[in-house]
Amino acid sequence: MIIKQLPIQLANALPVLRQINQAGFEAYFVGGCVRDTILGRHLHDVDLATSAYPQEIKQIFSQTIDTGIEHGTVTVIYQHHTYEITTFRTESGYQDFRRPDSVEFVRSLEEDLQRRDFTINALAMNSAGEIIDLFTGLADLQHQRIKAVGVASERFHEDALRMLRAVRFQSQLDFSIEEQTLLGIKANAKLLQYIAVERIREEFIKLMEGINRQAGLQTLFNTKLYQFCPGLANCDFQQLLDYSTGKIDDEAAIWSLIGYLESFDKKQLHQFLHHWKIANSTIKLAQTAVQLLLNVNRNSWDLYLAGEKAVNVAAKVLNLVEQSHLSQLMLSAYAALPLKSVHELAINGQQVMAVLKLSPGPKIGYYLQYIQKAIIAGNLQNNYQEIVNFLKTNELEFK
C-alpha cells in the first residue's frame, strides 16, 4: 500500500525523514499518525522512528533537544516545527507494569514494531509513502479490529495501560476488540491498579468522548477494568451503561454526568473527582452543574448564580440522560434572564455607597445581591436611574 497524498503534518516532516535517509539510516513515520492517515482521521502527533542512534541524530541536525535521550528520543527542530525522533529499540523487565527496566537500541524496524501495543499501531511508512506492515495491521484496520501484537497478556504485563487504551480505541474508532486480546484484558484487569491516575484519567476521558462510548463502557464493565478506575467500583455502573449514547464534547460534562447519576452532593463529588486528580476549576464547574441538576425546584435565580458555563454543562447532561426537552427549557430560561453577570449590572459598589452614603463594608455585597435578585425576578430594570430610585425607596429595608 502506498499513500500518495500525505496530510500536511506529514508532508512538512518529509524533509526530516529524507535527511536521515541521506545520512545512511532508515527512518519512518510510525504508530498513530500512520494509522490515522490511512483512516483519513485528523492527526494529533507525528512520530518518527529511525535506525540512527540518538548521538547520530544529533550529528545530522543542527538544532536538537535531548527530550528522552536515555530512551532513544531526541527532538529535532526543523523549519520552526519540532519532531520527536526515536531510535528503534527493544525493551525488557517491566516490574511496575508500565515502564521498561532496560532499553536497548537496535537497527531493526521489525524488532521495534513488535514491542508496540496493537497491530494497527505497529505500522510504519517511509518517505515514499509506502506502508510497512509486518503484523497484519492493514488487515485489522480493514476489519476494524483491535488486536494485540503477539501475545496479548505479554503486551499488558509490559504496560497495563494498554488494556484501557484498547477500550479507548474501541470507543474512538468504533472498532471491535479481537477475542484473544479481550481475554487478555479480562485476565489482567487488576494490573491497571499499578498505573498512575493521570494516565488512567486521560484514557477514560478519550473513551467517554468517543463515537461509540456505549461499546467502550460495556467492555470496561465486562472486563472489570472499571473496578480499577478511581471511585468507579463504588458507583452504580449500570446507570452509566443505561445512558451511554449521545456525543460528549467536554470533560466537565463527563464528570457532571457521573455526579448526576450518582446524586453526589458537593462534598461527595469533590472527593470523587479528587481521586481522579481533576483540576479545581473543573471540579467547581461540575459541582455547580450537578447541584443545578439535582435541584428540582430550580428557578431563574439558581440559573443566574450557576452561570453560563455550568448551565451549558447541565443542559448537555440532560440531553445525555434523554431529557432534551428539559435541556432546551433550561437553556431558554437562561437566555431569557435580563442579567447574566454582576459585571453587566448598571451600578457598582462605589456608586451604591455614594447613593446610600455608606462606608465600605460587607453590606455593600448584600445591597448588590438585593438589586440583582430584583432584576432577575423582573421587578427592576437594569438601568442606573431606576436602580438608584429602587435603592432610595427601599433604603429603610436595607437598614
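1. Helix α9 (residues 197-208) and helix α12 (residues 251-261) have axes that come within 10 Å and cross at roughly 90°. Because angles of 65 to 115 degrees count as roughly perpendicular, α9 is described as roughly perpendicular to α12. The model under discussion is a predicted one.

2. On the α9 side, this contact is formed by Arg201, Phe204, Ile205 and Met208. Helix α12 contributes Glu251, Ile254, Trp255, Leu257 and Ile258. By class, the residues of the contact of α9 with α12 comprise seven nonpolar and two charged, with no polar residue. On helix geometry in general, an α-helix has 3.6 residues a turn, so residues three or four places apart point the same way.

3. Is Met208 buried or exposed? Its relative accessibility is 0%, and since buried means under 20%, Met208 counts as buried.

4. The surroundings of Met208 can be listed as well. Leaving aside residues up to four places away in sequence, Met208 touches Arg213, Leu217, Leu240, Ile248, Ile254 and Leu257. Met208 and Gln172 are separated by 36 residues in sequence, and their C-alpha atoms are 8.7 Å apart in space.

5. The structure holds one cavity of 30 Å³ or more. The largest cavity has a volume of about 40 Å³. Which residues line the largest cavity? They are Leu232, Cys235, Asp236, Phe237, Gln239, Leu240, Ile258, Leu261 and Glu262.

6. The largest share, three residues, comes from α11. By class, the lining of the largest cavity has six nonpolar residues, one polar residue and two charged residues.

7. A further point concerns helix α2 (residues 32-39). Within α2, Cys33, Val34, Arg35, Asp36 and Thr37 are buried; the charged residues Arg35 and Asp36 are thus included in this buried group. Gly40 follows α2 and has a positive phi, near 75°.

Notes. Residues numbered from 1 in each chain as written. Predicted model: local features only at pLDDT ≥ 70, side-chain atom pairs only at ≥ 80, totals over all residues. Heavy atoms only, no water. Axes fitted to C-alpha atoms, helices over the stretch in contact; angles between N-to-C directions. Helix = DSSP H or I, 4+ residues; strand = E, 2+ residues; numbered from the N terminus. Parallel < 35°, antiparallel > 145°, perpendicular 65-115°, else oblique. Contact = heavy atoms within 4.5 Å. 1 Å grid on protein atoms, 1.4 Å probe; cavity = no way out; pocket = protein on both sides within 12 Å on 5 of 7 lines; lining within 4 Å. Points joined across faces, edges and corners; volume = space filled by probe spheres on them. Buried < 20%, exposed > 50% of the residue type's maximum accessible area, 1.4 Å probe, protein only.
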